[in-house]
Amino acid sequence: MPESQGIVMDRRSRIRIISDFFFISFIGFIISSSVTKVCGDRENVLHRSLGPSMVLPLFLSTPNSSQQFAEGNFRRQLKKAEHRLPNARMRLYDDLLANGYYTTRLRIGTPPQEFALIVDSGSTVTYVPCSTCEQCGKHQDPRFQPDLSSTYKPLKCSMDCNCDNERVQCIYERQYAEMSSSSGVLGNDIVSFGNGSALEPQRAVFGCENMETGDLYSQRADGIMGLGRGPLSILDQLVDRGVISDSFSLCYGGMDVGGGAMVLGGISPPPEMVFSHSDPVRSPYYNIELKELHVGGSPLKLNPRVFDGKHGTVLDSGTTYAYLPEPVFVEFKNAIMKKLSHLKQIRGPDPNYKDICFSGAGSDVSQLKKTFPEVDMVFENGQKLSLAPENYLFRHSKVHGAYCLGIFQNGRDPTTLLGGIVVRNTLVTYDRENERIGFYKTNCSELWERLNVPGAPSPAPVTLSDRNSTTEVPPSLAPSGLPNYVLPDFQVGLITFEMSLSVKYTDLEPHITELAEFIAHELEVNTSQVHLLNYSHKGNESLIRWAIYPAGSVHYISNTTALSIIVRLSEHRVQLPDNFGSYELVKWKVEPPLKRTWWGKHFLAVVAGVVIITLVLGFTTFGIWVVWRRKQALNTYKPVDVVGPEQELQQL
């Protein structure tokens, strides 16, 4: 089994350690009381705002700062009534089980420095490795360099934060149950959310990491994007500033697919979305009111209160698997095994764990529902969320067609912890403003293109239904938004486009490779996929024709990737350095994969066959010749006493 990496990636222990919880809660209670005297009729709003932040041992609010948070929370209600706010729409990367997490790309500083951050609803701080870090591992991207950002400001020591030993700068410290930790200083800088975001770059407080241990040190991702409740949460900072509504959504890709989408801010929930109440006072984590579990249509014989122990039923996007209290796990395991008695039970891929695995189910994920039972989660309000097999299984890494339970016993902890596996291919909306969490089954890998962003223009869908080998559309017909855009109903094998550049270089040719790298980065494809077809120039004006090919040995570009490329080009979302000037898209074109003849498809196989046959015939011929020569040599041998013809002696 692939070992989980990064924060809360150890599947056997996921609940974070909250230092001095009751002590901090007591202080928070005193602060809350003092603020209530000042704010009067804002008591309820303030209670919701301060409740979650009480558990933070690093950032205790004075009455004045608490009042500021309360006013920010009050502004959230006003903003909702005034108009629809923009949101930050961001793509998710990686695969839940292969990496143990999902990441998104966040840019910090001026000019922006980009980082791959683990999306974690159970963390309250966003942090990246700092250039001054003395103990940081080797991660995906270079460390953040504050000196290279013209907008970076260190957060100076005050009564509102924990300070370093010199009492100069605010610091943060985080420890996690799998024995990893992170610590560093707090800074303030411009944070931007990518080209697909309707939200403009914003200032935010984040952690500049100076030390990391455990899985945090060895993980590939750069750091953590904290989406939990608390004044240091990047979500709370944006909400308190009034730039987004108090909500965010996550959508994780399915089994063997990965990817997905994230939205910071509100979205219009689908009519079929199922909701559960989420009490911010009940727990510092995002919780739901789970009351029943059904396996194959039959409810487990459990007391509903079993799901309410300790922190209750918690959703944590940074946790890989799901963990149930002991009585729930025993009943669930027995019910599953009873339904799967016709399958052979085998050992798990990792000898260190006693995984429950079954073989003989086949490798087609879409057919798993014919073998494995459906599991239903029933909430207190009676609404039900149905889980497909991919929501509680993971693929056996060593046995073809075998699967293992991705739900485990949570030790002696009575908390029910639901990690990312439970919500694969499920849009999860954390509607904090209305204290509820919604669930909607969908294809998360395609959601990035189909997501309807509030406040964004909603043009009529542009359908390219021509089935000819080539479809060409001028930029004026390109959609102004991602939603509802439909590609031709053939697989895309090639994307070509022409752009006009007002280049500042007198000779562009030496910089073509550099330009291709920038275009690949902006379109989020590999540099090897971007090819120059031709270009012409007159003065500073250049007309360049590019082609985007499928990656590696694949023969087509997925519709998700193709759609993203087309929209970014059509809407001028490709941002190039000033040296290349501004660009205009002249036209673009999508084509299906080339139809290869039988000879083209089997050319290599035929050549290999000819080579093999030639070698076999060559060795066979050579062998026959060697045998024949030996026989000839034997036939010419004469015994010593055999009379032979006389030889004439030559004169000396």
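This is a predicted model: local features need pLDDT of at least 70, side-chain atom pairs count only at pLDDT 80 or more; totals for chains, interfaces and linings use all residues.
## Helix α9

Let's begin with helix α9, which covers residues 512-523.

Which residues of α9 are buried? They are Ile 512, Leu 515, Ala 516, Ile 519, Ala 520, Glu 522 and Leu 523. Looking down the axis of α9, you will find these buried residues within an arc of 165°, which means that they line one face of the helix.

## Disulfides across the chain

A disulfide is a covalent bond between the sulfur atoms of two cysteines. Counting sulfur pairs within 2.5 Å, the model has six disulfides. If you number the bonded cysteines along the chain, the pairing reads 1-8, 2-3, 4-6, 5-7, 9-12, 10-11. Three of these links are described below.

Cys 157 is bonded to Cys 163, with an S to S distance of 1.9 Å. The torsion about this S-S bond is about 90°, so the disulfide of Cys 157 and Cys 163 is right-handed. Are its two ends buried or exposed? Cys 157 is partly exposed, at a relative accessible area of 21%. Cys 163 has 15% relative accessibility and therefore counts as buried, the cut-off for buried being under 20%.

Cys 161 pairs with Cys 170, and their sulfur atoms lie 2.0 Å apart. Here the S-S torsion is about -70°, so the disulfide of Cys 161 and Cys 170 is left-handed. Cys 161 is buried at 9% relative accessibility, and Cys 170 is buried too, with a relative accessible area of 2%.

## Cys 357 with Cys 404

Cys 357 and Cys 404 are also joined by a disulfide, with 2.0 Å from S to S. What does this pair link? The bond connects distant parts of the chain: Cys 357 sits in strand β20 (residues 357-359) and Cys 404 in strand β24 (residues 403-405), 47 residues apart.

About the S-S bond of Cys 357 and Cys 404 the torsion is 100°, a right-handed link. Both Cys 357 and Cys 404 are buried.

Methods: Residues are numbered from 1 along each chain as its sequence is written. Side-chain values use heavy atoms; hydrogens and water are left out. Helices (H or I, at least four residues) and strands (E, at least two) are DSSP runs, numbered from the N terminus. The expected span of a helix is 1.5 Å times one less than its number of residues. Buried means under 20% relative accessible area, exposed over 50%, partly exposed in between (1.4 Å probe, protein chains only). The arc is that of the directions from the helix axis to the C-beta atoms.
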